[in-house]
Structures are given as C-alpha cells and as structure tokens.
Amino acid sequence: MGSFFSSLVTPPPGSTSESSRVQAFHSSSEWKNHFNSVKGSNQLMVIDFTATWCGPCKFMAPVFSELSERFPDAIFVKIDVDELPDVSREFGVQAMPTFILLKQGKEVDKIVGAKKDELERKVALHCQN
C-alpha cells in the first residue's frame, strides 16, 4: 500500500516539474562560470534562491517556471541555498524565497518572500528597460 501512495507523489524517473528555461546550478564553479559569461550583458537575470524544505519556495516554483516561459529574453536561475551557501552569502540572502534581479552583474531589484504579483511586475519592468 505504501508504494501505491508513493507513486502518487513521486514523479517518474526522468520527469521534471521544472521548465527547461530555468537553469539550476549545483556547484559554485558552474555558477561562477555562468555568471561571468553573462555579467557584461544587459540581459535580465532573475535568480531564485530556494530550499527544498521551504513551503513558500514550493509555492513559487511553478510561478517562476511560468515567468521563464513568458519572458524568454531573460535568464532564469535557481540556486538552492543549502547546496551553494557561499553564493547565497555573496548575495546577502537571509530568507527564502529571495529573488534577485541582475543586469550587467549588478542587482537592480530584490523580492523577499512568496510575492507572486510583485515578482511578475518587476520582471516585466526590467525586461522592458
């Protein structure tokens, strides 16, 4: 009976609930290489600092994924604060979820908390500028 219930909540192997437009980084060196390759660009980068145990982060995950589809000119990145604590510290992340918007490697906006409408509004604003 336990396996029946597990099959209801466990996605099949190879499936993902994350959009392919959202890039997840699992090592500091991968992240630094990516950041250095785009920091000279005027392209908007939206970073979602998240944690697997964070309820509000789970609520925002599909929102973040949907925004990545709606704003294809922006770069959407997901960083787990427990996997990359050094990157989280570098950006001063103290609560989850935290969304940091960057252009040319510099912070242009920040949203702390599961604020769907505010995140959507700020992504739209900075994609236009």
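Asp109 sits in strand 5, which spans residues 106–112. The model you are looking at is predicted, so treat this as a friendly tour of computed geometry. With a relative accessible area of 16%, Asp109 falls under the 20% limit and therefore counts as buried. Setting aside residues up to four places away in sequence, Asp109 touches Phe99, Ile100, Leu101, Lys122 and His126.

| Side-chain pair | Polar contact |
|---|---|
| Asp109 – Lys122 | 3.0 Å |
| Asp109 – His126 | 2.8 Å |

Now to the sheet around it. Five strands form an open sheet in the order 1-3-2-4-5, with mixed pairing. Strand 1 (22–25) and strand 5 are the edge strands; each has a single partner, so one side of each lacks a neighbour in the sheet. From one strand to the next, the twist averages 25°. Strands 4 and 5 run antiparallel and are joined by six bridges, and Leu102 stands opposite Glu107 of strand 5.

Two helices pack on this sheet. Helix 2 touches strands 1, 2, 3 and 4, and its direction makes about 155° with that of strand 3. Helix 5 (residues 116–128) touches strands 2, 3, 4 and 5, at about 165° to the direction of strand 5.

What of the nonpolar cores? The largest has 20 residues, and those touching the most other members are Trp31, Met45, Ile47, Phe49, Val77, Ile79 and Phe91. Helix 2 (28–38), strand 2 (45–50), strand 3 (75–80) and strand 4 (98–103) each supply at least two of its residues. A second, separate core of 15 residues includes Val22, Val63, Leu119 and Val123.

Note on methods:
Residues numbered from 1 in each chain as written. Predicted model: local features only at pLDDT ≥ 70, side-chain atom pairs only at ≥ 80, totals over all residues. Heavy atoms only, no water. Core = buried A, V, L, I, M, F, W, Y, C linked by side-chain atoms within 4.5 Å. Buried < 20%, exposed > 50% of the residue type's maximum accessible area, 1.4 Å probe, protein only. Helix = DSSP H or I, 4+ residues; strand = E, 2+ residues; numbered from the N terminus. Polar contact = N/O pair within 3.5 Å; in protein donor to acceptor, adjacent residues only side chain to side chain. Contact = heavy atoms within 4.5 Å. Pairing = 2+ DSSP bridges. Axes fitted to C-alpha atoms, helices over the stretch in contact; angles between N-to-C directions.
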